[in-house]
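Welcome, and please take a moment to look at the sequence and the structure below. A short briefing follows, grouped by topic.

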Amino acid sequence: MTYCVALKLNAGLVFASDSRTNAGIDQIACFKKMRSFVKEGERVIVILSSGNLSITQNAINLLEQKGRHAEARNIWTVDSMFDVAQLLGECLREVRKQDGVFLAQNNVDASANFIIGGQIQTERMRLFMVYAEGNFIEAGEETPYFQIGETKYGKPIIDRVITPQTPLSEAVKCVLVSFDSTMRSNLSVGLPIDIACYSQAGLRLDFEQHITQDDPYFSQISRRWSDGLKGVFASLPNPEWLTDVDLNSRFPPDYS
């Protein structure tokens, strides 16, 4: 399992992914789920992946391989992020067509999903989610973000905080809280976390950060978010209809 999220804001784009692929008592493996294709001043493209690791790696590698052939339509020559999403969907279909039958014979799930976003030349920033079948949708004003993988635990904080007007620094902080909430509830998502940030019309990645277990800022965010939640919960009023009720007498503890 993994968790990836990308935000499309007025100020720019934020991408984040964890690195965990297997989690068990005696088996934990980590692989990077973020790949970037950057030619400063011309195009910035970031891809996040979840699902079958061999399928996602091969699809992105095929996309990269096709980019070496200048005579063909590829990630370095198309002039729209829509075209890039289309190219990635085609590569995903090609890999699944080649490997999917053999994986199915051994009951291995060959599904995969991608988030792809960025900007090419003077075109506006765009963000897409590519489904396992190779089709895709684009983020809009009403839903300025996409998640793939283990999404449910990190979604509430994003829904409450993120709007298109959110500054990039606040968005990065929100994304880290989203990851902390997910990791607290699901051990199949874990550190390290990769984060990339792109400012509107910059045509270069502003920063890429690899957050490990020893990262002091993430540790601080995790601790203060946990303490803050406990403090807010403690400050909430009890239900009025329980104020004068002796719950212990009505529902005595069962020590059997």
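Asp83 counts as buried, because its relative accessibility is 17% and buried means under 20% relative accessible area, with exposed over 50% and partly exposed in between (1.4 Å probe, protein chains only). This is a predicted model, in which local features need pLDDT of at least 70 and side-chain atom pairs count only at pLDDT 80 or more, while totals for chains, interfaces and linings use all residues. Residues are numbered from 1 along each chain as its sequence is written, and side-chain values use heavy atoms, leaving out hydrogens and water.

**Around Asp83**

- Asp83 is found in helix H2, which covers residues 81-105; helices (H or I, at least four residues) and strands (E, at least two) are DSSP runs, numbered from the N terminus.
- Setting aside neighbours within four places in sequence, Asp83 is in contact with Arg73 and Val78, where contact means heavy atoms within 4.5 Å.

**The five-stranded sheet**

- Five strands form an open sheet in the order E10-E1-E2-E11-E12, and their pairing is antiparallel; two strands pair if DSSP finds at least two bridges between them.
- At the edges are strand E10 (145-149) and strand E12 (207-211), each of which pairs on one side only.
- From one strand to the next, the twist averages 10°; axes are lines fitted to C-alpha atoms, for helices over the stretch in contact, and angles run from 0 to 180 degrees between N-to-C directions.
- Five bridges link strand E1 (residues 3-8) with strand E2 (residues 12-18) in the antiparallel sense, and Cys4 stands opposite Ser17 in E2.

- Helix H4 (residues 168-185) lies across E1, E2, strand E11 (193-199) and E12, and runs at about 20° to E2.
- Of the 18 residues of H4, 13 are buried, so this helix is largely enclosed by the rest of the structure.
- How far apart are the end C-alpha atoms of H4? They are 26 Å apart, which agrees with the 26 Å that 18 residues should span at 1.5 Å a residue; the expected span is 1.5 Å times one less than the number of residues.
- The axes of H4 and helix H5 (residues 216-235) come within 10 Å and cross at roughly 70°.
- That makes H4 roughly perpendicular to H5, a term for angles of 65 to 115 degrees; under 35 counts as roughly parallel, over 145 as roughly antiparallel and the rest as oblique.
- Residues making this contact include Leu176, Val177 and Met183 of H4, along with Tyr217, Phe218 and Trp225 of H5.

- Strand E6 (residues 43-51) is largely enclosed by the rest of the structure, because eight of its nine residues are buried.
- Strand E5 (residues 34-39) runs antiparallel to E6, and six bridges join them; Ser36 stands opposite Val46 in E6.
- E5 and E6 form a hairpin with three residues between them, and Gly41 in the turn has a positive phi of about 85°.
- E6 is also joined to strand E7 (residues 112-120), by nine bridges in an antiparallel arrangement, with Gln119 in E7 as the bridge partner of Val44.

**Cysteines**

- How many disulfides are there? The count comes to zero, where a disulfide is a pair of cysteine sulfur atoms within 2.5 Å.
- Cys4 is in no disulfide, and its nearest cysteine sulfur, that of Cys30, is 13 Å away.
- Cys4 counts as buried, at 0% relative accessibility.
- Cys91 is also buried, with a relative accessible area of 2%, and its sulfur is 18 Å from the closest cysteine sulfur, in Cys4, too far for a bond.
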